[in-house]
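Hello,

Here is the structure you asked about. Notes on the pocket and the ligand follow below it.

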Amino acid sequence: MQLSMKTIVITGGNTGLGYECAKTLAQTEKNAHIVLACRNTKKGEEAAFAMKKETGHTNITAMELDLSSLESVRTFAKKFSTSPLPPLYALVCNAGVQFVDKAHVSKDGFEETFAVNHLGHFLLINLLVDKMVDHGRIVFVSSGTHDPLKKSGMPEPVYEDAMLLAYSSKEVAAKDVSFTGRRLYTTSKLCNIYCTYELADRINLLTNKQITVNAFDPGLMPETGLARSWSPFLRFVSRYILGMLILVHPQVNTTAKSGRRLAALVTSPQFEDSTGKYYEGVKEIPSSVMSYNLVNRKNLWNVSVELTKLKASESILLTD
Ligand SMILES: NC(=O)c1ccc[n+]([C@@H]2O[C@H](COP(=O)([O-])OP(=O)(O)OC[C@H]3O[C@@H](n4cnc5c(N)ncnc54)[C@H](OP(=O)(O)O)[C@@H]3O)[C@@H](O)[C@H]2O)c1
């Protein structure tokens, strides 16, 4: 392994946007070791095998990470820290779920959309940030659906207190599951932005590391598996009818195109000094009005520390 080698971890790198981003990085970053952090080891290894074949890049490893289990996140961080992999350059927080069929509960008893899309990533970053090299990058995959002004057709986020989100499964089950599930999704994508802004500030204020943190909206990608809990009819409409919009709508993209844009945020010199920003593709734009609410942002951070039982000895981003 050359000294200049660096590691890039992509959560949910076995399929969809994560796979396409990882593939671009494997094609363009010859000194990068790509880690596909996947909940299903078999799928992860199959994806690593396929990616090596497609790109000719051999430094690709699949590692087990189930973001719906805080124990799995801690195990991943420990294994990663003790592995002989090159220094950690980037964390791409890409894995995500959206449920419209029923209430889903994580291994720790939290509502699963909140647990996977936000809480697992929150813990992962806190445990690994001190392993990151200077000029490293963290990128959250958020979504334009967090912003009601974008008129995405999704329910607008509702944020009162992260504790309510963490324990909202009963509420989901009791109400219109499809609506509530999609609202939890857009709210989780708002949480990604709160977390981006808070992390960027904390890294600047509490550490002397030069690590950037940004959020990314890939646009609508009808080809991915995100709609897997939808009915077969709606999946068909999403994939093939909405899919036709790729040809005419600037915010409807192929997964490959969004993957290339996400990879650019991870490595392009263009974004070297950018931190605490929100990108629609590779264009910096303001995030929603609600995403700048400092009270919500602090509430999300504090509740996340409490729910993950994160200790000051585990993270350089906590003050006692
Ligand atoms: N598709 C869109 O239109 C769209 C639009 C805006 C934003 N996004 C965002 O893009 C990101 C990628 O989604 P996608 O569209 O590519 O969907 P996808 O094809 O369903 O990929 C989601 C990835 O997340 C992984 N994942 C799910 N639960 C996990 C867990 N508990 N632990 C670890 N990994 C887990 C999945 O693993 P398995 O393969 O094992 O299920 C899969 O690798 C998400 O954050 C999503 O919110 C998507």
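**Second largest pocket**

β5 is the largest contributor to the lining of the second largest pocket, giving 3 residues. Strands here are DSSP runs (E, at least two residues) and helices are runs of H or I of at least four, numbered from the N terminus. This is a predicted model, in which local features need pLDDT of at least 70 and side-chain atom pairs pLDDT 80 or more, while totals for chains, interfaces and linings use all residues. Residues are numbered from 1 along each chain as its sequence is written, and side-chain values use heavy atoms, without hydrogens and water.

The lining of this pocket has 15 residues, and His 135, Gln 210, Ile 211, Thr 212 and Glu 272 lie nearest its centre. Two or more lining residues come from each of β5 (132-141), α7 and β6 (211-217). A pocket is an open set of points on a 1 Å grid over the protein atoms alone, where a 1.4 Å probe fits, with protein on both sides within 12 Å along at least five of seven lines; lining residues have an atom within 4 Å of a point.

**Ligand**

The ligand has 29 residues around it, with Arg 39, Asn 94, Tyr 185, Thr 224 and Arg 228 nearest (a heavy atom within 4 Å counts as near). Both α1 (16-28) and α7 (177-206) supply at least two residues of this shell.

Polar contacts are pairs of N or O atoms within 3.5 Å. Ligand oxygen atoms lie 2.6 Å from a side-chain N or O atom of Arg 228, 2.9 Å from a polar side-chain atom of Lys 189 and 3.0 Å from a polar backbone atom of Gly 225.

Regards

Notes:
A polar contact is a pair of N or O atoms within 3.5 Å; within protein, one must be able to donate a hydrogen and the other to accept it, and residues adjacent in sequence count only if both atoms are side-chain atoms.
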